[in-house]
Amino acid sequence: MRKYQGLILCLLASCASPGYRATCRYGEVLVPRDLGESTAPLIARNLERCLPIVCSLLGIEPRTPVLVRVVKDDRIWLGVSAVVEEPTREILLGHEAIHDEGTISETLGHELTHWELQGPWLQIPFVLQEGVAYYLGCFVTGKMNVLKTLGPPPDPALLDLSWQEAYALSPEGLKEFHDAGFEMLKRLTFAKVKAMVQAGQTSAGAFAAALGDAEEPPKDLAPAGPSQASGTRGSAPADLRRRPVG
Ligand SMILES: [Zn+2]
């Protein structure tokens, strides 16, 4: 999920170009000069707003400072984002992620979740970590309508995949993996996942059993017909998906 030497080399190269910098109480934001002076403070404001919400919902103390960097390199990331830990830990936002304030908020909420996940949260299956990140990205953006429609049932076998195995999938397989994570989260609900984490029930088997029990969707979730389902999948936060290329 997080360690891509090619990506890191690219980032080191991008360090050379001057740009804009903005700070907030939780960290700093670096933006290439050609993306405009207003982008860095806009991202910083969203960082300041989103981080406490994410940490509060996860029930953890914020791990700061956070470094957010906007990168322009379609060879590596097609307008998506990532958390990189080596050599410098930072959140990367691609140019699609900064399309407007909604995509900034949603992407930051997603990536801040990865940034902050710690302790027992890191013991849950990787596919569910993605589901939690999508959920919190939607939550901080007020985009809760995407939770109201269920897609196809997710394959419980995906609970056994490590992040290394997930990122070895084809681009299409990886997209399906992310979809499945969000689908699992919708069916289990964030409250249920959090309760299981707090109870130390973090194994793939525990979540597979819970998914089996959650066959009937929660009251506020109506199963979608085929046309609705495809519409929802299309409008789900696909713009946040990470697509490592090359
Ligand atoms: Zn993610």
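Colleague: Where is the place of Pro-65?
Modeller: Pro-65 sits in the loop between α2 and β3, the latter being residues 66–70. Bear in mind that we're looking at a predicted model.

Colleague: And what kind of peptide bond joins Thr-64 and Pro-65?
Modeller: A cis one, with omega at about 0°. As a rule, most peptide bonds are trans.

Colleague: OK, let's zoom out. How many helices and strands does the protein have?
Modeller: There are 9 helices and 7 strands.

Colleague: What share of the residues is buried?
Modeller: Buried residues account for 39% of the 246 residues in the protein.

Colleague: What about contacts between residues at least 6 apart in sequence: what share join residues at least 24 apart?
Modeller: That comes to 68% of those contacts.

Colleague: Let's pick a residue. Where is Trp-115 found?
Modeller: Trp-115 belongs to helix α3, which covers residues 101–116.

Colleague: Buried or exposed, and why?
Modeller: Trp-115 is buried, because 25 other C-beta atoms lie within 10 Å, and the cut-off for buried is 20 or more.

Colleague: Which residues does Trp-115 touch, leaving out those up to four places away in sequence?
Modeller: Arg-63, Val-66, Val-83 and Ile-91.

Colleague: Staying with α3, at what angle do α2 and α3 pack?
Modeller: About 45°, with the axes 9 Å apart; α2 is residues 39–58. That angle is why α2 counts as oblique to α3.

Colleague: Is that crossing left-handed or right-handed?
Modeller: The crossing of α2 and α3 is right-handed.

Colleague: Which residues in α2 and α3 meet there?
Modeller: From α2, they include Leu-42, Ile-43, Leu-47 and Leu-51. Among those in α3 are Ile-104, Leu-108 and Leu-112. By class, the contact of α2 with α3 divides into 11 nonpolar, 4 polar and 2 charged residues.

Colleague: New topic: α4. How far apart are its end C-alpha atoms?
Modeller: They're 23 Å apart. Helix α4 (residues 126–141) has 16 residues, so at 1.5 Å a residue it should span 22 Å, and the two values agree.

Colleague: What is α4 followed by?
Modeller: Gly-142, which has a positive phi near 70°.

Colleague: And how do the axes of α4 and α6 cross?
Modeller: They cross at roughly 70° and come within 7 Å, with α6 being residues 171–188. The two helices are therefore roughly perpendicular to each other. In that contact, α4 contributes residues including Val-127, Leu-128 and Tyr-134, while α6 contributes residues including Phe-177, Phe-182 and Leu-185. By class, the contact of α4 with α6 has 10 nonpolar, 3 polar and 1 charged residues.

Colleague: Last one. What is phi of Thr-189?
Modeller: Near 80°, a positive value in a residue other than glycine. In general, most residues other than glycine have a negative phi.

Colleague: Where does Thr-189 lie?
Modeller: In the loop between α6 and α7, with α7 being residues 190–198. Thr-189 is partly exposed, because 18 other C-beta atoms lie within 10 Å, and buried would take 20 or more.

How values were computed: Residues numbered from 1 in each chain as written. Predicted model: local features only at pLDDT ≥ 70, side-chain atom pairs only at ≥ 80, totals over all residues. Helix = DSSP H or I, 4+ residues; strand = E, 2+ residues; numbered from the N terminus. Buried ≥ 20, exposed ≤ 12 C-beta atoms within 10 Å, placed from the backbone. Contact = placed C-beta atoms within 7 Å. Expected span 1.5 Å × (residues − 1). Axes fitted to C-alpha atoms, helices over the stretch in contact; angles between N-to-C directions. Parallel < 35°, antiparallel > 145°, perpendicular 65-115°, else oblique. Nonpolar A, V, L, I, M, F, W, Y, C, P; charged D, E, K, R; others polar. Left-handed = near helix turned anticlockwise from the far one by under 90°.
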